[in-house]
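I opened this notebook to keep track of what I looked up, in the order in which I looked it up. The entries follow below.

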Amino acid sequence: MIRKMTEDNDRLISDQRLHAHYWAFDDGLTSAYYLAGSSLAEISRYHATLHQLFEQTLADIPCPRQQTSQPWDWHPLLDSDDLRVGLLTVYPGHAIPLHDHPGSTGLLIVLDADVTIRQYDLSTSAKHKPLHRPVELTLLHEYRFSPAGYTVFGPCSGNIHALEAGDKPCTLFDVLLAPYRNRERSWYMPLQDNSDDPTCVHAMRLNNPFDLDDGQKPLCGRIANSG
Amino acid sequence: MNKRKLVKVIGLICGLTQGSIAIASGSDNRTAMRGEGVSDPLASYRLQAKKGIPEAQYQLGLVYQLGKGVTPNPQEAFEWYLAAARQGLAEAQYVIGLMYADGTGTGSDPYEALEWLGKAALQGHSKAEFAYNYLLDADFATGC
(Lines give C-alpha, C1' and ligand atoms only; values in the text may rest on other atoms or scores of the structure.)
Protein backbone atom coordinates (compact mmCIF):
# COMPACT_ATOMS: atom_id res chain seq x y z
CA MET A 1 0.00 0.00 0.00
CA ILE A 2 2.74 2.46 1.08
CA ARG A 3 4.89 1.40 -1.88
CA LYS A 4 1.99 2.04 -4.26
CA MET A 5 1.46 5.51 -2.76
CA THR A 6 5.17 6.32 -3.10
CA GLU A 7 5.16 5.17 -6.74
CA ASP A 8 2.06 7.26 -7.45
CA ASN A 9 3.66 10.25 -5.78
CA ASP A 10 6.91 9.84 -7.76
CA ARG A 11 4.93 9.58 -10.98
CA LEU A 12 2.99 12.72 -10.10
CA ILE A 13 6.21 14.67 -9.38
CA SER A 14 7.73 13.37 -12.60
CA ASP A 15 4.63 14.41 -14.59
CA GLN A 16 4.69 17.87 -12.99
CA ARG A 17 8.38 18.29 -13.89
CA LEU A 18 7.70 17.22 -17.45
CA HIS A 19 4.78 19.63 -17.67
CA ALA A 20 6.96 22.49 -16.31
CA HIS A 21 9.69 21.74 -18.85
CA TYR A 22 7.25 21.70 -21.78
CA TRP A 23 5.67 24.91 -20.53
CA ALA A 24 9.14 26.54 -20.43
CA PHE A 25 9.87 25.21 -23.92
CA ASP A 26 6.65 26.57 -25.44
CA ASP A 27 6.72 29.88 -23.62
CA GLY A 28 10.44 30.40 -24.21
CA LEU A 29 10.25 29.59 -27.90
CA THR A 30 7.31 31.97 -28.39
CA SER A 31 9.44 34.78 -26.91
CA ALA A 32 12.46 33.73 -28.96
CA TYR A 33 10.50 33.71 -32.24
CA TYR A 34 9.20 37.19 -31.39
CA LEU A 35 12.68 38.53 -30.58
CA ALA A 36 14.13 36.99 -33.73
CA GLY A 37 11.30 38.38 -35.87
CA SER A 38 10.70 34.90 -37.28
CA SER A 39 8.10 34.55 -40.03
CA LEU A 40 5.27 32.02 -39.75
CA ALA A 41 6.98 29.89 -42.38
CA GLU A 42 10.19 29.87 -40.34
CA ILE A 43 8.33 29.06 -37.14
CA SER A 44 6.55 26.10 -38.67
CA ARG A 45 9.85 24.89 -40.14
CA TYR A 46 11.71 25.15 -36.80
CA HIS A 47 9.01 24.04 -34.40
CA ALA A 48 8.60 20.38 -35.27
CA THR A 49 12.37 19.83 -35.28
CA LEU A 50 12.88 21.60 -31.96
CA HIS A 51 9.98 19.81 -30.32
CA GLN A 52 11.35 16.45 -31.37
CA LEU A 53 14.84 17.28 -30.06
CA PHE A 54 13.44 18.52 -26.76
CA GLU A 55 11.27 15.43 -26.36
CA GLN A 56 14.24 13.15 -26.99
CA THR A 57 16.35 15.11 -24.51
CA LEU A 58 13.75 14.95 -21.74
CA ALA A 59 13.36 11.22 -22.27
CA ASP A 60 17.06 10.75 -21.64
CA ILE A 61 18.82 13.67 -19.95
CA PRO A 62 22.51 12.75 -20.06
CA CYS A 63 24.30 12.33 -16.76
CA PRO A 64 27.07 14.95 -16.92
CA ARG A 65 30.65 13.94 -16.17
CA GLN A 66 33.51 16.36 -16.51
CA GLN A 67 35.86 14.96 -19.16
CA THR A 68 38.26 17.85 -19.69
CA SER A 69 39.75 20.87 -17.94
CA GLN A 70 37.11 23.05 -19.64
CA PRO A 71 34.63 24.76 -17.31
CA TRP A 72 31.77 23.45 -19.44
CA ASP A 73 30.84 20.95 -22.13
CA TRP A 74 28.84 21.46 -25.27
CA HIS A 75 27.03 18.50 -26.78
CA PRO A 76 25.67 19.46 -30.23
CA LEU A 77 22.23 18.13 -31.21
CA LEU A 78 21.72 20.11 -34.43
CA ASP A 79 23.85 22.57 -36.39
CA SER A 80 22.28 24.07 -39.51
CA ASP A 81 22.40 27.45 -41.25
CA ASP A 82 19.46 28.83 -39.28
CA LEU A 83 19.39 26.73 -36.09
CA ARG A 84 21.92 25.57 -33.55
CA VAL A 85 20.77 23.32 -30.71
CA GLY A 86 22.83 21.63 -28.04
CA LEU A 87 23.14 20.60 -24.42
CA LEU A 88 25.31 22.87 -22.36
CA THR A 89 26.70 21.57 -19.07
CA VAL A 90 28.37 23.91 -16.60
CA TYR A 91 30.37 22.18 -13.88
CA PRO A 92 30.18 22.98 -10.15
CA GLY A 93 32.45 25.81 -9.07
CA HIS A 94 32.77 26.96 -12.67
CA ALA A 95 31.31 29.82 -14.64
CA ILE A 96 31.01 30.68 -18.30
CA PRO A 97 32.33 34.25 -18.42
CA LEU A 98 30.49 37.12 -20.06
CA HIS A 99 30.17 36.57 -23.79
CA ASP A 100 27.86 37.43 -26.67
CA HIS A 101 26.28 35.69 -29.67
CA PRO A 102 26.24 38.52 -32.24
CA GLY A 103 23.05 38.69 -34.29
CA SER A 104 21.56 35.59 -32.66
CA THR A 105 18.45 35.01 -30.62
CA GLY A 106 18.84 32.43 -27.87
CA LEU A 107 16.77 30.32 -25.51
CA LEU A 108 18.26 28.57 -22.47
CA ILE A 109 16.11 26.06 -20.57
CA VAL A 110 17.47 24.53 -17.35
CA LEU A 111 17.03 20.75 -17.41
CA ASP A 112 18.48 19.91 -14.01
CA ALA A 113 20.29 21.51 -11.04
CA ASP A 114 20.62 25.25 -10.39
CA VAL A 115 22.35 27.99 -12.33
CA THR A 116 22.73 31.76 -12.07
CA ILE A 117 22.43 33.67 -15.33
CA ARG A 118 23.27 37.37 -15.67
CA GLN A 119 22.33 39.23 -18.85
CA TYR A 120 23.83 42.56 -19.85
CA ASP A 121 23.53 45.21 -22.51
CA LEU A 122 26.17 47.69 -23.58
CA SER A 123 25.50 50.85 -21.59
CA THR A 124 23.91 53.71 -23.50
CA SER A 125 27.16 55.66 -23.58
CA ALA A 126 29.06 52.57 -24.80
CA LYS A 127 26.61 52.12 -27.71
CA HIS A 128 27.64 55.54 -28.99
CA LYS A 129 31.33 54.73 -28.62
CA PRO A 130 31.67 51.20 -30.04
CA LEU A 131 35.45 51.38 -30.25
CA HIS A 132 35.95 52.76 -26.75
CA ARG A 133 37.87 50.41 -24.50
CA PRO A 134 37.08 49.15 -21.92
CA VAL A 135 33.37 48.73 -22.63
CA GLU A 136 30.74 49.49 -20.00
CA LEU A 137 27.98 46.93 -19.48
CA THR A 138 24.71 47.41 -17.61
CA LEU A 139 22.93 44.52 -15.88
CA LEU A 140 19.55 43.78 -17.45
CA HIS A 141 18.50 40.64 -15.52
CA GLU A 142 19.95 38.38 -12.88
CA TYR A 143 18.19 35.03 -12.40
CA ARG A 144 18.86 32.08 -10.17
CA PHE A 145 17.17 29.23 -12.00
CA SER A 146 16.13 25.77 -10.92
CA PRO A 147 14.93 23.07 -13.38
CA ALA A 148 12.42 24.32 -15.98
CA GLY A 149 13.61 27.90 -15.53
CA TYR A 150 14.36 29.61 -18.83
CA THR A 151 15.56 32.85 -20.31
CA VAL A 152 15.78 34.32 -23.79
CA PHE A 153 18.01 36.93 -25.36
CA GLY A 154 17.73 38.80 -28.63
CA PRO A 155 20.29 40.33 -30.99
CA CYS A 156 19.99 43.68 -29.16
CA SER A 157 18.65 42.71 -25.74
CA GLY A 158 20.42 40.74 -23.03
CA ASN A 159 22.71 39.18 -25.61
CA ILE A 160 25.80 39.50 -23.40
CA HIS A 161 25.49 36.91 -20.66
CA ALA A 162 27.31 34.79 -18.10
CA LEU A 163 26.37 31.53 -16.38
CA GLU A 164 27.49 30.25 -13.01
CA ALA A 165 26.83 26.71 -11.82
CA GLY A 166 25.67 25.89 -8.31
CA ASP A 167 27.01 22.92 -6.37
CA LYS A 168 25.93 20.32 -8.96
CA PRO A 169 26.60 20.10 -12.71
CA CYS A 170 23.86 22.01 -14.49
CA THR A 171 22.64 21.01 -17.95
CA LEU A 172 20.71 23.40 -20.18
CA PHE A 173 18.87 22.92 -23.46
CA ASP A 174 20.32 25.67 -25.63
CA VAL A 175 18.69 26.95 -28.84
CA LEU A 176 20.20 29.61 -31.10
CA LEU A 177 18.19 31.07 -33.96
CA ALA A 178 20.39 32.55 -36.68
CA PRO A 179 23.57 31.07 -35.23
CA TYR A 180 26.70 33.16 -35.17
CA ARG A 181 30.15 31.86 -36.02
CA ASN A 182 32.49 31.25 -33.08
CA ARG A 183 34.98 33.70 -34.51
CA GLU A 184 32.41 36.52 -34.24
CA ARG A 185 31.88 36.00 -30.53
CA SER A 186 33.50 38.27 -27.94
CA TRP A 187 34.37 37.44 -24.36
CA TYR A 188 34.07 40.33 -21.91
CA MET A 189 36.70 40.13 -19.20
CA PRO A 190 35.83 42.39 -16.21
CA LEU A 191 38.56 44.72 -15.02
CA GLN A 192 37.47 44.45 -11.40
CA ASP A 193 35.88 41.88 -9.15
CA ASN A 194 32.22 42.83 -9.49
CA SER A 195 30.75 40.07 -7.34
CA ASP A 196 29.54 42.60 -4.73
CA ASP A 197 27.86 44.85 -7.27
CA PRO A 198 27.33 43.27 -10.69
CA THR A 199 25.05 46.06 -11.96
CA CYS A 200 27.77 47.88 -13.92
CA VAL A 201 30.80 46.11 -15.36
CA HIS A 202 33.81 47.57 -17.14
CA ALA A 203 35.33 44.92 -19.31
CA MET A 204 37.95 44.32 -21.99
CA ARG A 205 36.86 42.42 -25.08
CA LEU A 206 38.69 39.32 -26.29
CA ASN A 207 37.72 38.48 -29.86
CA ASN A 208 40.02 35.79 -31.13
CA PRO A 209 42.61 33.36 -29.86
CA PHE A 210 46.18 34.29 -30.86
CA ASP A 211 47.35 32.81 -34.11
CA LEU A 212 50.59 31.34 -32.77
CA ASP A 213 52.67 28.60 -34.38
CA ASP A 214 53.04 25.51 -32.21
CA GLY A 215 56.74 26.26 -31.77
CA GLN A 216 55.96 29.69 -30.36
CA LYS A 217 53.41 28.54 -27.79
CA PRO A 218 54.39 28.47 -24.13
CA LEU A 219 55.58 25.00 -23.18
CA CYS A 220 53.29 24.72 -20.18
CA GLY A 221 50.16 24.65 -22.38
CA ARG A 222 46.78 25.08 -20.75
CA ILE A 223 46.53 26.05 -17.10
CA ALA A 224 43.92 24.28 -15.01
CA ASN A 225 43.90 25.05 -11.32
CA SER A 226 40.36 26.24 -10.58
CA GLY A 227 37.20 24.31 -10.01
CA MET B 1 15.56 66.98 37.52
CA ASN B 2 12.16 65.98 36.18
CA LYS B 3 11.79 63.72 33.15
CA ARG B 4 10.89 66.53 30.68
CA LYS B 5 13.98 68.59 31.63
CA LEU B 6 16.20 65.53 31.35
CA VAL B 7 14.98 64.87 27.77
CA LYS B 8 15.64 68.54 26.84
CA VAL B 9 19.21 68.38 28.20
CA ILE B 10 19.94 65.15 26.34
CA GLY B 11 18.47 66.67 23.15
CA LEU B 12 20.69 69.75 23.55
CA ILE B 13 23.80 67.65 24.08
CA CYS B 14 22.97 65.55 20.98
CA GLY B 15 22.38 68.67 18.88
CA LEU B 16 25.69 70.18 19.93
CA THR B 17 27.54 66.93 19.23
CA GLN B 18 26.01 66.65 15.75
CA GLY B 19 26.89 70.26 15.04
CA SER B 20 30.52 69.72 15.97
CA ILE B 21 30.66 66.58 13.79
CA ALA B 22 29.22 68.58 10.87
CA ILE B 23 31.84 71.30 11.39
CA ALA B 24 34.61 68.73 11.57
CA SER B 25 33.54 66.96 8.36
CA GLY B 26 33.24 70.30 6.55
CA SER B 27 36.78 71.05 7.57
CA ASP B 28 37.97 67.62 6.34
CA ASN B 29 36.33 68.19 2.96
CA ARG B 30 38.05 71.55 2.56
CA THR B 31 41.40 69.97 3.44
CA ALA B 32 40.78 67.18 0.96
CA MET B 33 39.82 69.70 -1.76
CA ARG B 34 43.22 71.30 -1.28
CA GLY B 35 44.79 67.83 -1.66
CA GLU B 36 46.35 67.97 1.80
CA GLY B 37 44.46 65.08 3.42
CA VAL B 38 43.80 61.47 2.60
CA SER B 39 40.02 61.74 2.19
CA ASP B 40 40.41 62.47 -1.56
CA PRO B 41 40.77 58.94 -2.95
CA LEU B 42 42.79 60.03 -5.99
CA ALA B 43 45.29 61.97 -3.87
CA SER B 44 45.47 59.07 -1.43
CA TYR B 45 46.07 56.48 -4.20
CA ARG B 46 48.68 58.70 -5.81
CA LEU B 47 50.50 59.19 -2.52
CA GLN B 48 50.51 55.50 -1.67
CA ALA B 49 51.23 54.39 -5.25
CA LYS B 50 54.33 56.57 -5.29
CA LYS B 51 55.40 54.86 -2.07
CA GLY B 52 55.25 51.59 -4.03
CA ILE B 53 52.12 50.01 -2.52
CA PRO B 54 50.85 47.61 -5.24
CA GLU B 55 47.15 47.78 -4.31
CA ALA B 56 47.25 51.59 -4.60
CA GLN B 57 49.13 51.36 -7.91
CA TYR B 58 46.41 49.03 -9.23
CA GLN B 59 43.64 51.36 -8.02
CA LEU B 60 45.37 54.33 -9.62
CA GLY B 61 45.58 52.33 -12.86
CA LEU B 62 41.81 51.80 -12.69
CA VAL B 63 41.25 55.51 -12.06
CA TYR B 64 43.20 56.41 -15.21
CA GLN B 65 41.76 53.63 -17.33
CA LEU B 66 38.13 54.36 -16.47
CA GLY B 67 38.58 58.11 -16.20
CA LYS B 68 37.17 58.33 -12.67
CA GLY B 69 37.55 62.04 -11.92
CA VAL B 70 40.39 62.38 -14.43
CA THR B 71 40.70 62.34 -18.21
CA PRO B 72 41.05 58.69 -19.27
CA ASN B 73 44.69 57.94 -19.97
CA PRO B 74 45.36 54.32 -20.94
CA GLN B 75 49.13 54.84 -21.12
CA GLU B 76 49.25 56.22 -17.57
CA ALA B 77 46.94 53.37 -16.46
CA PHE B 78 49.24 50.83 -18.05
CA GLU B 79 52.30 52.22 -16.22
CA TRP B 80 50.62 51.99 -12.81
CA TYR B 81 49.19 48.51 -13.47
CA LEU B 82 52.63 47.38 -14.61
CA ALA B 83 54.26 48.67 -11.43
CA ALA B 84 51.76 46.65 -9.37
CA ALA B 85 52.04 43.58 -11.62
CA ARG B 86 55.83 43.54 -11.26
CA GLN B 87 55.32 43.33 -7.51
CA GLY B 88 53.21 40.22 -7.99
CA LEU B 89 49.66 41.55 -7.61
CA ALA B 90 47.54 38.98 -9.51
CA GLU B 91 44.69 41.40 -10.32
CA ALA B 92 47.19 43.81 -11.95
CA GLN B 93 48.95 40.98 -13.81
CA TYR B 94 45.56 39.95 -15.24
CA VAL B 95 44.73 43.48 -16.44
CA ILE B 96 48.22 43.96 -17.90
CA GLY B 97 47.74 40.70 -19.81
CA LEU B 98 44.42 41.95 -21.18
CA MET B 99 45.97 45.29 -22.19
CA TYR B 100 48.81 43.54 -24.04
CA ALA B 101 46.23 41.29 -25.76
CA ASP B 102 44.11 44.26 -26.81
CA GLY B 103 46.88 46.78 -27.44
CA THR B 104 45.34 49.27 -25.01
CA GLY B 105 47.81 51.70 -23.44
CA THR B 106 50.68 49.79 -25.02
CA GLY B 107 51.51 47.93 -28.22
CA SER B 108 49.71 44.62 -28.79
CA ASP B 109 52.00 41.72 -27.82
CA PRO B 110 50.61 38.17 -27.58
CA TYR B 111 53.66 36.80 -25.79
CA GLU B 112 53.62 39.46 -23.08
CA ALA B 113 49.85 38.95 -22.80
CA LEU B 114 50.23 35.21 -22.23
CA GLU B 115 53.13 35.70 -19.84
CA TRP B 116 51.24 38.08 -17.55
CA LEU B 117 47.94 36.20 -17.76
CA GLY B 118 49.84 32.99 -17.00
CA LYS B 119 51.46 34.57 -13.93
CA ALA B 120 48.08 35.66 -12.59
CA ALA B 121 46.50 32.29 -13.43
CA LEU B 122 49.22 30.42 -11.54
CA GLN B 123 48.30 32.51 -8.50
CA GLY B 124 44.75 31.12 -8.80
CA HIS B 125 43.15 34.04 -10.66
CA SER B 126 40.29 32.23 -12.44
CA LYS B 127 39.49 34.93 -15.03
CA ALA B 128 43.18 35.14 -15.97
CA GLU B 129 43.18 31.36 -16.31
CA PHE B 130 40.23 31.51 -18.68
CA ALA B 131 41.73 34.35 -20.77
CA TYR B 132 45.10 32.57 -20.94
CA ASN B 133 43.58 29.27 -22.10
CA TYR B 134 41.27 31.00 -24.60
CA LEU B 135 44.00 33.13 -26.19
CA LEU B 136 46.41 30.20 -26.34
CA ASP B 137 44.16 27.52 -27.72
CA ALA B 138 41.51 27.91 -30.44
CA ASP B 139 39.90 24.65 -29.32
CA PHE B 140 39.22 25.98 -25.81
CA ALA B 141 35.86 27.58 -25.03
CA THR B 142 34.04 26.25 -28.06
CA GLY B 143 30.28 25.68 -28.14
CA CYS B 144 27.74 27.38 -25.87
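Entry one, a charged pair in chain A. I began with R144(A), which counts as exposed at 57% relative accessibility, and I kept in mind that I was reading a predicted model. I then looked up its partner and found that the side chains of R144(A) and D114(A) meet in a salt bridge, at 3.9 Å from N to O. This pair links distant parts of the chain, with R144(A) in strand 6 (residues 135-145) of chain A and D114(A) in the loop between strand 4 (105-112) and strand 5 (115-122), 30 residues apart. D114(A) is partly exposed, with a relative accessible area of 31%. I also noted that R118(A), E142(A) and E164(A) are joined into one network by salt bridges that share partners.

How many salt bridges does the structure hold over all chains? I found six. One of them joins the side chains of D82(A) and R45(A), at 2.8 Å from N to O. Here too the pair links distant parts of the chain, since D82(A) lies in the loop between strand 1 (72-79) and strand 2 (83-90) of chain A, whereas R45(A) lies in helix 2, 37 residues apart. D82(A) is partly exposed at 24% relative accessible area, and R45(A) counts as partly exposed at 47%. I looked next at D79(A) and R84(A), whose side chains meet in a salt bridge at 3.4 Å, N to O. Are these two residues buried or exposed? D79(A) counts as exposed at 56% relative accessibility, while R84(A) is buried, with a relative accessible area of 13%.

Entry three, chain A as a whole. I counted three helices and eleven strands in chain A, which follow the pattern α-α-β-β-β-β-β-α-β-β-β-β-β-β along the sequence. Buried residues make up 44% of its 227 residues.

The structure holds 14 aromatic pairs over all chains. Among them is the edge-to-face pair of Y22(A) and F54(A), with 5.7 Å centre to centre and 80° between the planes. Y22(A) lies in helix 1 (residues 2-36) and F54(A) in helix 2 (residues 40-59) of chain A, so the pair ties together parts that are 32 residues apart in sequence. F54(A) counts as buried, at 0% relative accessibility, and I found that Y22(A), F25(A), F54(A) and F173(A) form one aromatic cluster.

I looked up Q93(B), which lies in helix 5 of chain B and is buried, with a relative accessible area of 4%. A polar atom of its side chain lies 3.4 Å from the backbone nitrogen of A120(B). Leaving aside neighbours within four places in sequence, the residues in contact with Q93(B) include W116(B) and K119(B). K119(B) in turn lies over the face of W116(B), at 4.3 Å from the ring centre.

Chain B and chain A bury about 3700 Å² between them, 62% of it on carbon and sulfur atoms. The contact takes 40 residues from chain B and 41 residues from chain A. Across this interface I found zero salt bridges, but four residue pairs in polar contact. Helix 7 of chain B gives the most to the side of chain B that touches chain A, with ten residues.

Definitions and conventions
Residues are numbered from 1 along each chain as its sequence is written. Chains are lettered from A and ligands numbered from 1 in the order in which they are written. This is a predicted model: local features need pLDDT of at least 70, side-chain atom pairs count only at pLDDT 80 or more; totals for chains, interfaces and linings use all residues. Side-chain values use heavy atoms; hydrogens and water are left out. Rings of Phe, Tyr and Trp (its six-membered ring) pair if their centres lie within 6.5 Å; planes under 30 degrees apart count as stacked, over 60 as edge-to-face and the rest as tilted. Helices (H or I, at least four residues) and strands (E, at least two) are DSSP runs, numbered from the N terminus. Buried means under 20% relative accessible area, exposed over 50%, partly exposed in between (1.4 Å probe, protein chains only). A charge sits over a ring if NZ of Lys or CZ of Arg is within 6 Å of the ring centre and within 35 degrees of the ring normal. Contact means heavy atoms within 4.5 Å. Buried area is the accessible area (1.4 Å probe) that two parts lose on being put together, summed over both. A salt bridge is a side-chain nitrogen of Lys or Arg within 4 Å of a carboxyl oxygen of Asp or Glu. A polar contact is a pair of N or O atoms within 3.5 Å; within protein, one must be able to donate a hydrogen and the other to accept it, and residues adjacent in sequence count only if both atoms are side-chain atoms.
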